[in-house]
Amino acid sequence: MAEVVPSAKAAGARSPGARAGWPEMLPTLAWLAALLVLPLVYILRMSFSADPFALTATGWSLANYADSIPFYWNNLLNSVLIGLSATILAFAVAMPVAYGISFYGGRWKAVLLFAFFAPFLTSYLIRIVAWQTLLGANGPLFAPLTQATGLEVRVLGTPFAVVAGLTYQLVPFVLLPLYTAFNRIDRTLCAAADDLYSGRGGRRGAAIGAAAGLVIALLLGSVFFGGRGLAAPGPLAFVLATTLLGAAVGGTMTERFALIVFPLSRNGFIAAAVLSFIPALGDYVNAALLGDIRTQMLGNVIQAKFLVELDYAGAAALSATLLVAAMLLLTLLLRLIRGTELLDVV
Amino acid sequence: MSSRTRAHREGLAVRVMIGFALVFMFAPVLTMIVFSFNDPGGRFNYELGTFSLDAWRRPFAVPQLGVAMRNSLIVAAVSALLAALLGTPVGFALGRRRFLGRGAVSGLTFIPLATPEVVLGAGMLILFVATATIPFLKTLTGGLFYPLGFASVIAAHTTLGLSFVIINVRARVMGAGVTLEQAARDLGASGFTVFRTIWLPIILPGILSGGLLTFAISLDDFVLTNFTAGGTTMFPTWLYGLMRRELPPQIAVVGTMIFLLSLGLVAVSAKLSRRRAGLVPEIRKS
């Protein structure tokens, strides 16, 4: 690699074939301008339209924002909190997997990695139907439980079910960038760390882990039980257990992971965060099929307004809000890495 | 404690976690497969009833299911083909050359991954509606995209798939084949010959996997289809409507079929790219 890259540059300077290739790219760029950039620009334009029920943008007004954002504030909050919870849980599932496959996968690496993507070869909607089945009160998980213990379980229709379904959909978006980043780490550094007696997190690791666990527990708790519902024995036990789990993970995590692998794969973490949180922010099918009226996200409102109520301007204002939120987040995260490097880890 | 024991323990811990994660990932798939052999006794296939092969014997007994599946497969195939054709030149240019505007083109590729799909779908919807109401756009598009139908869904799915073709082709090109190209040029090969004999074998697996990915994404996609299909019967949107009234076991059968078909496609593409890599070993090493 080190020898190829400079010669590639030199060849690029001399070789007659080294034009930019704009003529070949032109149809594609025109396509992307018309069907990718234009729709997003048109959403922004439509969000300032003066006539709420016109199908094309007319006039200028800020009323769409003023009317819709306060009214759908709870849905916006749901999008952010449920999306964030699912993203964090997807990291919790995918991070050890990516690390494990990359460092301990041996000759099973490709097979193991593929095993995590295989479930996504079905249909998005059928995966959600499968979650409906699994989490249903009379489904294969809870029906035997109810029969054995007499306990009535209600999971379907709660925020927990929405977060679970969404987490499931996000795992591959976290796994792939992390795995790619872990795979690029120079193994001799890890060997050096082992030679220098790198140990485990110990007390310091446990303290950091407990703090992280507490923050995550409060976020998840407020999503699952509602902000005010936290002050009850069950939810408090959940917060305590998650904090202790954080301390245990932090205390036993190897320094090799915490001090070498983690900092060296920062770009992978950022790419994974972008690729999982942004789809989570806009998702509405999980909330529609696994949740209830209180878990409806901004995407549900946008979908209903566009396809049922035909309130294009109001829906465009909400879409624009979502778009701007996603773009702000992206810019913020991209400031930390170079944009082109992000493509490398996708 | 020696570092070897520590590594051993860490290895054990991550293996256990991978095991739990695999259970999580495959629980819905297994549920789907099990419920394809289920006779629920009612209209909704959510509860285990008795074992039955009935749905497998007559998988398309549900009205419209066959049409929905056929339409979705057509859209997926056309979108994959279009995305492969349109994406290849850009992926090739991005991987091979540094040029003014490369960053902008790269950024354009990244937009679909960084935009909530519901926003992209909504934008396409109102744009397609505008092509019917704004005279200038109407003459430009000739009414192709409105009323919504095959053309609008294919346009949407191709746009989403383009990024994946570009990323895949770009990854194949980067750092490969330049010395071979120089050698060929020194021996008097024309630009076209160089492309056909050197670059094409290198990028073909990238085009293929990008195209297959587009096919899979198109078949999988709900959100863009929801916004751009209109009244056309597409599998995911048709199923979404059906689920309010009934959920026959045939849905699980079709889901299992899609799963097996996709597994087959992945196996074929893996085999093809291995054979290609074998043809040009010295290139893959760089």
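Which residues of H2(A) are buried? I listed Met25(A), Thr28(A), Leu32(A), Leu35(A), Leu36(A), Pro39(A), Leu40(A), Ile43(A), Met46(A) and Ser47(A). Buried means that 20 or more other C-beta atoms, placed from the backbone, lie within 10 Å of the residue's own. Helices here are DSSP runs of H or I with at least four residues, strands are runs of E with at least two, and both are numbered from the N terminus.

I noted the ground rules. This is a predicted model, where local features need pLDDT of at least 70, side-chain atom pairs count only at pLDDT 80 or more, and totals for chains, interfaces and linings use all residues. Residues are numbered from 1 along each chain as its sequence is written, while chains are lettered from A and ligands numbered from 1 in the order in which they are written.

I looked up the cover next. The buried residues of H2(A) are covered by parts of both chains, including helix H16 (312-334) of chain A and helix H4 (102-114) of chain B.

H2(A) bends by about 35 degrees at Leu38(A), with Pro39(A) following within four residues. The bend is the angle between axes fitted to the seven residues ending there and the seven starting there.

I turned to the contact between chains. It takes 84 residues from chain A and 86 residues from chain B; two residues are in contact if their C-beta atoms, placed from the backbone, lie within 7 Å. Helix H2 (residues 22-47) gives the most to chain A's side, with 14 residues.

Last, I took in chain A overall. It has 17 helices and zero strands. Of its 346 residues, 45% count as buried.

Key
A residue is buried if 20 or more other C-beta atoms lie within 10 Å of its own, exposed if 12 or fewer, and partly exposed in between; C-beta atoms are placed from the backbone.
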